Amino acid sequence: MERFVEGNRAALQEHVRRHQEIHVVMGNEACDLDSTVSALALAYFLAKTSPPPKAAFIPVLNIPRADFALRTETTFALREQGIPATSLIFRDEIDLGGLHRSGLLSLTLVDHHVLPGADAALEEAVVEVLDHRPLERDRAPGCRVTAEPVGSCATLVTERIAQGPPGVLDRPTAALLHGTILLDCVNLSPAAGKVTPRDVACVSLLEERFPELPARDTVFEALQAAKFDVSGLTTEQMLRKDLKVLSSDELVLAISAIYVDLETFLRRPGLLQDLDAFCQARGYTGLVAMTISFNERNEPSRQLAVYSQHEPLRSTVCRALEEATTPSLHLQPLLSPWPCLGTYAQGNALASRKKVLPILRAALGGPGAAGGPGEEEVVPPPTPMNSLVEECPLAQAVPPLCPQDVLERVSRIAAGQPPGSPK
């Protein structure tokens with residue numbers, strides 16, 4: 001797998017130069033671990049097993065390269081298997097439209113089967129679909145379609161590889177497939193409602209072929225923890241990872257969830273310049289950073305920072321947050337290092353961003369005040385970071401959870417225990 005990925009770029013360039021077929025295997029626009037691993041593993045299998053004359057089988061990650069660092073569990077999994085990000089090919093590094101117009105493109109879709117409107121012209125290049133969702137549309141007669149209700153698309157890829165010649169599957173590929181199925185199927189927990197017998201069979205098959213694979217619990221918990229690890233992100237990436245935007249006729253306000261405490265965030269080198277550059281580059285008039293962190297007893301702590309060089313907006317937002325009653329945030333002003341930044345401790349730690357957004361909409365007025373077209377989610381389809389921390393089925397009707405709590409709850413589900421049961 002490592003050599004295959006490292007040779008992709010050269011193979012792509014050589015086939016373009018010789019005007020030879022390029023067969024792209026591409027996941028969905030969320031580019032989560034399942035999409036990424038399914039694309040890599042299937043492209044690797046096709047490259048190993050297709051008869052000559054061979055196309056160049058190129059796995060493409062369906063996001064810009066700049067967004068890859070936000071997929072922290074995916075970067076972790078690939079790094080663990082020695083696959084460097086520099087060898088990967090991202091959507092903004094390959095001209096699929098140009099290849100199609102030149103008659104060179106064949107396209108296999110994994111972990112989805114409907115291209116977005118912007119890619120409608122590529123539909124006629126699709127030769128195969130491998131997805132674990134129900135089909136929303138029929139494909140052309142010549143298109144090979146596998147759409148099966150399993151917990152992970154990686155299960156379908158594993159089955160495909162298992163049906164092929166012996167010896168193709170190597171340990172890094174097996175480890176990636178193994179971890180992906182475990183993550184998607186919540187460690188094969190029936191209580192989570194995602195796993196099927198085929199997912200279980202594929203995990204068992206991979207473990208039989210590679211007995212040295214780490215224990216399921218170890219793999220699952222490491223990947224879950226990686227979702228919450230923002231230590232390697234720049235300030236710009238931290239602000240983009242979990243971002244929403246509210247707008248009125250003239251003002252645009254960004255609201256970022258930040259998964260470190262405010263003091264740590266404010267100590268980041270060049271933070272003020274980074275905040276200013278972030279807002280200027282995207283046309284934001286201001287930014288609200290909502291931090292959440294946890295003490296040694298896993299009790300949540302929330303703080304707020306309101307940044308804007310536009311003093312009337314900053315004052316309006318600060319006043320709205322201070323005076324809010326539905327819910328009351330119980331804000332306590334903190335000493336701010338800069339006049340353009342208002343900082344607060346949030347006494348009501350149960351008031352998540354979902355509960356604060358209506359306060360900010362009302363403060364802005366305009367279309368966003370009603371929660372209609374004035375609210376926009378601008379991060380690419382999110383990693384599970386968002387749903388595990390707020391408004392996820394695992395977190396319904398309970399206070400927001402810290403990473404350790406999430407892991408503990410999911411581990412209990414995986415063990416077949418109710419989430420609230422005693423240890």
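Throughout these legends, buried means under 20% relative accessible area, exposed over 50% and partly exposed in between, using a 1.4 Å probe and protein chains only. This is a predicted model, where local features need pLDDT of at least 70 and side-chain atom pairs count only at pLDDT 80 or more, while totals for chains, interfaces and linings use all residues. Residues are numbered from 1 along each chain as its sequence is written, and side-chain values use heavy atoms, with hydrogens and water left out.

View 1. Leu188 sits in the loop between α7 and α8 (197–209); helices (H or I, at least four residues) and strands (E, at least two) are DSSP runs, numbered from the N terminus. Its relative accessible area is 10%, so Leu188 counts as buried. Look at the backbone too: phi of Leu188 is near 65°, positive although the residue is not glycine. Most residues other than glycine have a negative phi, and most peptide bonds are trans.

**View 2. Ile181 and the residues around it.** Ile181 belongs to helix α7 (residues 171–184). With a relative accessible area of 0%, Ile181 is buried. Leaving aside residues up to four places away in sequence, Ile181 touches Ser152, Ala154, Thr155, Thr158, Leu188, Asp199, Cys202, Val203 and Leu206; a contact means heavy atoms within 4.5 Å. Ala154 is 27 residues from Ile181 in sequence, yet their C-alpha atoms are 6.1 Å apart.

**View 3. The open sheet, strand by strand.** Here 6 strands line up in the order β3-β2-β1-β4-β5-β6, with parallel pairing. The edges go to β3 (89–90) and β6 (144–147), each with a single partner strand, so one side of each has no neighbour in the sheet. Two strands pair if DSSP finds at least two bridges between them.

**View 4. Strand β1, covered on both faces.** 5 of the 5 residues of β1 (residues 22–26) are buried, so the strand is largely enclosed by the rest of the structure. Ile22, Val24 and Met26 are on one side, with His23 and Val25 on the other. In a regular strand the side chains alternate between the two faces of the sheet. On the β2 (residues 56–61) side, 5 bridges join the two parallel strands; Val24 stands opposite Ile58, and Met26 stands opposite Val60. β1 also pairs with β4 (residues 105–110), again in the parallel sense, over 5 bridges, and there Val25 has Thr108 as its bridge partner.

**View 5. From β1 over α3 to β2.** β1, helix α3 (residues 33–49) and β2 make a right-handed β-α-β unit; right-handed means that, with the strands pointing away from the viewer, the path from the first strand over the helix to the second runs clockwise. Cys31 is in the loop between β1 and α3. Its phi is near 50°, another positive value in a residue other than glycine, and at 2% relative accessibility Cys31 is buried. The loop between α3 and β2 holds Pro53, and the peptide bond from Pro52 to Pro53 is cis, with omega near -5°.

**View 6. Helix α13 and its buried face.** Helix α13 (residues 311–323) has 13 residues and should span 18 Å at 1.5 Å a residue, which agrees with the 18 Å between its end C-alpha atoms; the expected span is 1.5 Å times one less than the number of residues. Its buried residues are Leu313, Arg314, Val317, Cys318 and Leu321. Seen down the axis of α13, they fall within an arc of 125°, so they line one face of the helix; the arc is that of the directions from the helix axis to the C-beta atoms. They pack against several elements, including β8 (252–258), β9 (286–294) and α14 (353–364).

View 7. Pro327 lies in the loop between α13 and β11, and the peptide bond from Thr326 to Pro327 is cis, with omega near 0°. β11 and β12 form a hairpin with 6 residues between them. They pair in the antiparallel sense over 4 bridges, and Leu331 has Gln346 in β12 as its bridge partner.

View 8. The mean pLDDT of the protein chain is 87, and 86% of its residues reach 70 or more; pLDDT is the predictor's confidence in each residue, from 0 to 100. It stays under 50 over residues 377–403, for which the model has 63 contacts beyond four places in sequence. Residues 419–423 also stay under 50, with 8 such contacts. Where pLDDT is low, the predicted coordinates should not be read in detail.
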